[in-house]
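Please examine the sequence and structure shown here. The briefing that follows is arranged by topic.

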Amino acid sequence: MSTLVQERTTVQPAPARAPRRRPGKRTILLAGAAVAWLVGFLVLHGTSTLTLPASELTDLHRSLNQFNAWVAANRADNPVFLYVFTPLRAAVDAVANVFITTFAASPTGLRLPEIGWLGTVGLLGWTAFAAGNARVALLTVAVFTFFGLQGLFLEATYTFALVLTAVLLTLLVGIPLGILAGVYGRVAKVITPVLDFMQTLPTFVYLAPLALVFLIGPASAVIATVIYAAPPVIRLTAHGIRAIPENTREASDSLGTTGLQRLVTLQLPMARRTIVMGINQSTMAALSMVTIAALIAAPGLGQVVVRALQSLDVGTAVNAGLSIVLLAIVLDRVTTAASRRADPAAARNRRVSRRTRYILLGITLVLALAMVQLSRTMLWAAAFPKDLNIGPAIVQTVAAASQWMQTNLSLFTVSFRETVTTGILNPFQSLLTDTPFYILVAVIAVAAYALGGWKLAALTTACLGVIIYLGLWSDSMVTLAGTLVATAVVMVLGIIFGVAMGRSERVDQIMRPLLDAGQTMPAFVYLVPFLGLFGATRFTAIIAGIIYAAPVAIKITADGIAAISPTVVEAAVASGSTPWQVITKVQLPMARQTLALAANQGLIYVLAMVVVGALVGAGGLGYDVVAGFVQSALFGKGLAAGVAIVFLGILLDRMTQAAAATPVRKIPTTRTRTT
Amino acid sequence: MKKAGLLLKRTLPAMAGAAAAALLLAGCGSASVNQVNAAGGTSETPCGTVNVAMNAWVGYTANAAVYSYVAKNKLGCTVVQKDLNEQISWQGFASGEVDVVMENWGHADLVKQYITDQKVAVDDGPTGNEGHIGWYVPPWMAEKYPDILDGKNLNKYASLFATSESGGKGQVLDGDPAFVTNDEALVKNLNLDYKVVFSGSEAALIQSFRTAQQNKTPLLGYFYEPQWFLSEVPLKKVNLPAWTPGCDTDAEKVACDYPTYKLNKVVSKKFQDSGSPAAKLAKNFQWTNADQNSVATDIQGGMTPEAAAKKWVDAHQDAVKTWLS
């Protein structure tokens, strides 16, 4: 962000925008840093760039490579393996196998599951009904039947079984931890940075070591998923408990309840809705790991997507991607409905009486069990009928459409890509990679000081120091360049669509579902068509980042614009402002803090896509991580690159947060000027 | 207390339902259609399940498809195919996730780790295919610039190969980062004015070479034989300093061309010792580059791997018979 701010100051210097005010200390510092940077780039171009060729390693990387050999040497007799890792793997494997055998395929006989497709549809539909309502039950039944029609029932149930295992284990670990963190402030203090780290560390980074320790297969896939999915439920559980009003707690305490009683009778029931929301978030996170887990031999839909990516088969990728999105929708709607049901207030105004509901539940349960029984004894109900398959039709239609787009649009898409790459991306990247490292460190430190004082300057310098120590400075700058360009586009989109949505209820209603889809769709799915259109380039990687991050930025901006008091806007309109003036002089300046927050979140989301972007042509740290995962000689470098991404993330996050916090002082002057 | 009671009331029927379901499952566990039908099917040969790793190039797919087809249809095995990268497949030998790798390209480091040291995998003999990796240019370039096929002249042509991705240098287009490659080290150690750019997959490489030949645009890229695409566009190999034994032991210091690979099969120790007929089939499996290319061409032409395998097996009954004996 620092650099983004600097760039803005160079393009349109702040003093020009506020002519009546003398430039503040902060502006002078930022402008000075930008000038120093430009001068350093022009004069010392190409010196001290700390470039490390892709095939070369530092001593640190080589020593990290030893981890591989260490695991191999210690697997058989080291107590950590004997008593922790190996039993843990066996236990997770056992749980995963129960679900896989139940829903997807048993290891014996015809490899049919314990419950065939009809039984699965019935049982899951009933569960959705019991936990939620009739509408989500119907949705569940329809979607699971549709998996069968797509010809992907087996893959979908594999994925479902693994997600279920991962979510169960996540809750087993996450809810107790969340309770501890909610009850004891000290636990929360210890746990929060760990959760931050878990969420910034790209999943790819721990995939390789995890596969070494736990071996490839469903167990490692589930463990990797749990690491990724646990933070939301831990955070929300803790938050739910902490958010209980103090006086409610005191009232209960005055009755002489013990700590455990208080937890069971007061805190847990009152936090229930928040906890279920946490379960919802964790479930979605678990599902988004499906494709990545496929890389370490997790069976299911992810394998289909990965295979399609390898053969650039857009049709197959979209078919399987559709299944993943539908599964996400079902899991989301069912857990959301469950969380509504968990809300004590909702219990009072239900249309159906509890008694009728129980009778209905009983009848449908019998029906579901009959379907289960059928699916165990009849072949047609066990394996989905092969001739009821619209999968190939979907695949061919999409493939034809994408083929048409590739042949007819490629001239346009290629020239667009080339223009953006040579016009914006390459110069900006060279500005970062060809400037001597010491100048950039100084520039970033000064910018950090301007935004957040000595503390922030020390923190950013430390982060950059770690990156230099990891031997990945130049790669980090490549990643930074791509990330900042993507974030800039995200912010432009955020402002355009956010303002439109914030100003009009109708636009908001149209846009929201699209944004939700953009966030739930696994990146790999839309990457395949973009690969076809733009090839494996940094441009495609930036697009991937934009698609993933724009919805968040748009939503935050829209909320910020909508939250501005209508009287202020009316006042501006009454005094004769045009809509354009209202937007630029009132709404945007007043939503400035929200915009900074949107930039912060946009950056973090773009950064989360760095590694996925490397699969479609991005270089830098993302590529190091991917290469470290697939080439054992580069294992250590990949690990180091993963850590570098985390430190880059901390740096960008803290700087944007500081930028979001500081402009508060300026808003009053803007407001008085415009109203 | 009231809320806890409410909670209990709601969970109770759910638990009862789950219990009923469990009872139902336990009650008719033995009568399931899964077991009944299977009992009749597998009486002849106890083959069981074979886990075949699927690496991401079509030549590999051809090997694995024919092996899987024969194991499934002639031996009655259950074949489970898993899409995995090369390095990851080897990790599967230790966990039992992978039984067979049907086409292995060297990988001296993995051989040492998994065959020599950990003893979880075994070299299962050659596939009969001979592999070459190298840098290739489309045929029109070899005609127009004949001396480009000598690696020493590459720097002269670097500017031809520059793209927006290669940062002012010439571009060497690589495939999947997971493929066997020394290209990054080669560029550096041979002092070439080039940059390695990854296209991400075999499909992308083929597409790039096809367009380069069609539009007569320059392209230098990583490619390999056996490969069906070479019969469509006969790419020309650029000669780098010849391979000598040991010149590529240190991955960071490689400055020579790729060796000729005797492609082989690798199986897990457990699988080889199991006495499964599928293990015997893996050991006996052998064919030629032409065989592999014919199956690969069919797969590329739109046939499913299984159908392409069936076509080849039907036409080569004798070969299959010797594998099975």
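**Strand pairing in chain B**

Tyr136(B) stands opposite Lys237(B) in strand 8 of chain B. This is a predicted model, in which local features need pLDDT of at least 70, side-chain atom pairs count only at pLDDT 80 or more, and totals for chains, interfaces and linings use all residues. Residues are numbered from 1 along each chain as its sequence is written, and chains are lettered from A and ligands numbered from 1 in the order in which they are written.

- Strand 4 (residues 121-137) of chain B pairs with strand 8 (residues 236-238) of chain B in the antiparallel sense over 3 bridges; strands are DSSP runs (E, at least two residues; helices are H or I, at least four) numbered from the N terminus, and pairing requires at least two DSSP bridges.
- Strand 4 of chain B also pairs in the antiparallel sense with strand 7 (residues 221-225) of chain B, over 5 bridges, and Trp135(B) stands opposite Tyr222(B) in strand 7.
- With strand 9 (residues 260-268) of chain B, strand 4 of chain B forms an antiparallel pairing over 7 bridges, where Val122(B) stands opposite Val267(B).

**Contact between chains A and B**

- In chain A, 57 residues are in contact with 51 residues of chain B (C-beta atoms, placed from the backbone, within 7 Å).
- Helix 18 of chain A gives the most to the side of chain A that touches chain B, with 8 residues.

**Helix packing in chain A**

- The axes of helix 11 (residues 218-242) and helix 13 (residues 259-288) of chain A come within 8 Å and cross at roughly 160° (axes are lines fitted to C-alpha atoms over the stretch in contact, with angles from 0 to 180 degrees between N-to-C directions).
- Helix 11 of chain A is therefore roughly antiparallel to helix 13 of chain A (an angle over 145 degrees).

Definitions and conventions
Angles under 35 degrees count as roughly parallel, over 145 as roughly antiparallel, 65 to 115 as roughly perpendicular and the rest as oblique. Two residues are in contact if their C-beta atoms, placed from the backbone, lie within 7 Å.
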